[in-house]
Amino acid sequence: MRLADKSAIVTGGAGGIGRATSLAFAAEGARVAVVDVAPGAAEGVADEIRAAGGTAIALTADVSNEADIERVVADTVAAFGGVDVVFNNAGIIRRTTAVETTAEEWDRVFGVNVKGIFLMCKHVVPVMAANGGGSIVNTGSGWGLKGGGQAISYCASKGAVVNMTRALAIDHGPQGIRVNSVNPGDVNTGMLRDEARQLGQEAGSFLAEAADRPLQRMGEPGEIAAAVVWLASDESSYVTGSALVVDGGGIA
């Protein structure tokens, strides 16, 4: 198993890509801290892992709150003895233009998508460094690389994630910590359906449009999870600072 005896934190771990990755980490032998703003949902995923014979804890946190992040790191260390892998996956989207976006919405998107990653890295890097290193994977987006329509705060925040990942990789590579981003295209998740609602579209037609790419389909959460497992594992031991695109060819 590629993550045997590793301890992992997954933020946004209760739904979509986060849930799939939490389950995939556990299947590869990791002990998993499932972190989500929804406590019941996080516990449900932890229960799934335990029912399959794995080890998991459920933690509730708003990733934009520093006290919550400090507690998540401390609770994970207390439960598992350390942190070897972090998947910073918590994220939100607002489908609005600059004119339509309120300052409060902008701040909330950046609070979750960017500040949340900064806070986690601030508090987990010393733990990883003390244990000889680790792997951090951040969820970016294809739109963080090329932009997209009616999602200015989301595109800007994901662009920040991609470049913050590079900066983290430069700063902490000497400590044995690899930092990469995974950049999905449209994936069959509840978040994508929420986008359709924000745009006032029927989910079916929106999802059909999302599948307009060379592979002629949307991605599934497990396909993104597979890429994250690779980045988290020693199979990618010479990969850091990268922006891995997993989008069916949508930005090619």
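Biologist: Where is Gln150 found?
Modeller: Gln150 is in the loop between α5 (143-146) and α6 (152-172). Keep in mind that this is a predicted model.

Biologist: What is the phi of Gln150?
Modeller: The phi of Gln150 is near 55°, which is a positive value in a residue other than glycine. Most residues other than glycine have a negative phi.

Biologist: And is Gln150 buried, partly exposed or exposed?
Modeller: Gln150 has a relative accessible area of 43% and is partly exposed. The dividing values are 20% and 50%, with partly exposed in between.

Biologist: What about Gly148, where does that lie?
Modeller: Gly148 lies in the loop between α5 and α6. At 36% relative accessibility, Gly148 also counts as partly exposed.

Biologist: Which residues does Gly148 touch, not counting those up to four places away in sequence?
Modeller: Trp143 and Cys155. There is also a C-alpha distance for Gly148 and Arg95: these two are 53 residues apart along the chain and are separated by 10.0 Å.

Biologist: Which other residue has a positive phi?
Modeller: Asp5 has one, with phi near 65°, and Asp5 is not a glycine either. Asp5 lies in the segment before β1 (7-11). With 63% relative accessibility, Asp5 counts as exposed.

Biologist: Moving into β1, is Ser7 buried or exposed?
Modeller: Ser7, which lies in strand β1, is buried, with a relative accessible area of 1%.

Biologist: What does the Ser7 side chain make a polar contact with?
Modeller: The side chain of Arg31, at 2.9 Å. Arg31 is also on the list of residues that Ser7 touches beyond four places in sequence, along with Phe80, Gly82, Val83, Asp84 and Val85. As for C-alpha distances, Ser7 and Ala56 are 9.5 Å apart in space and 49 residues apart in sequence.

Biologist: Change of topic. How many helices and strands does the chain have?
Modeller: Nine helices and seven strands.

Biologist: What does the C-alpha trace span?
Modeller: About 45 × 35 × 35 Å along its principal axes.

Biologist: What share of the residues is buried?
Modeller: Buried residues are 48% of the 252 in the chain. The chain exposes about 10,600 Å², and carbon and sulfur atoms supply 53% of that.

Biologist: How far apart in sequence are the contacting residues?
Modeller: Take the contacts between residues at least 6 apart in sequence: 70% of them join residues at least 24 apart.

Biologist: And the charges, how far apart are their mean positions?
Modeller: The mean positions of the 19 positive and 28 negative charges are 2 Å apart.

Biologist: Back to single residues. Where is Asn138?
Modeller: Asn138 is in strand β5 (residues 134-139). Its relative accessibility is 0%, so Asn138 counts as buried.

Biologist: What does the side chain of Asn138 make a polar contact with?
Modeller: The side chain of Asn88, at 2.9 Å. Leaving aside neighbours within four places in sequence, Asn138 is also in contact with residues including Ile117, Val161, Leu168 and Val182.

Biologist: And Thr139, which side chain is joined to it by a polar contact?
Modeller: That of Asn89, at 3.0 Å. Thr139 is in strand β5 and counts as buried at 8% relative accessibility. Beyond four places in sequence, the residues it touches include Phe87, Asn88, Asn89 and Val161.

Biologist: How far is the C-alpha of Thr139 from that of Gly53?
Modeller: They are separated by 27 Å, and the two residues are 86 apart along the chain.

Biologist: Last one: His123. Is it buried or exposed?
Modeller: His123 counts as buried because its relative accessibility is 18% and the cut-off for buried is under 20%. His123 is found in helix α4 (residues 103-130).

How values were computed. Residues numbered from 1 in each chain as written. Predicted model: local features only at pLDDT ≥ 70, side-chain atom pairs only at ≥ 80, totals over all residues. Heavy atoms only, no water. Helix = DSSP H or I, 4+ residues; strand = E, 2+ residues; numbered from the N terminus. Buried < 20%, exposed > 50% of the residue type's maximum accessible area, 1.4 Å probe, protein only. Contact = heavy atoms within 4.5 Å. Areas by Shrake-Rupley, 256 points an atom, 1.4 Å probe, with all protein chains shown as cover. Lys, Arg positive; Asp, Glu negative; His and termini not counted. Charge placed at Lys NZ, Arg CZ, Asp CG, Glu CD. Polar contact = N/O pair within 3.5 Å; in protein donor to acceptor, adjacent residues only side chain to side chain.
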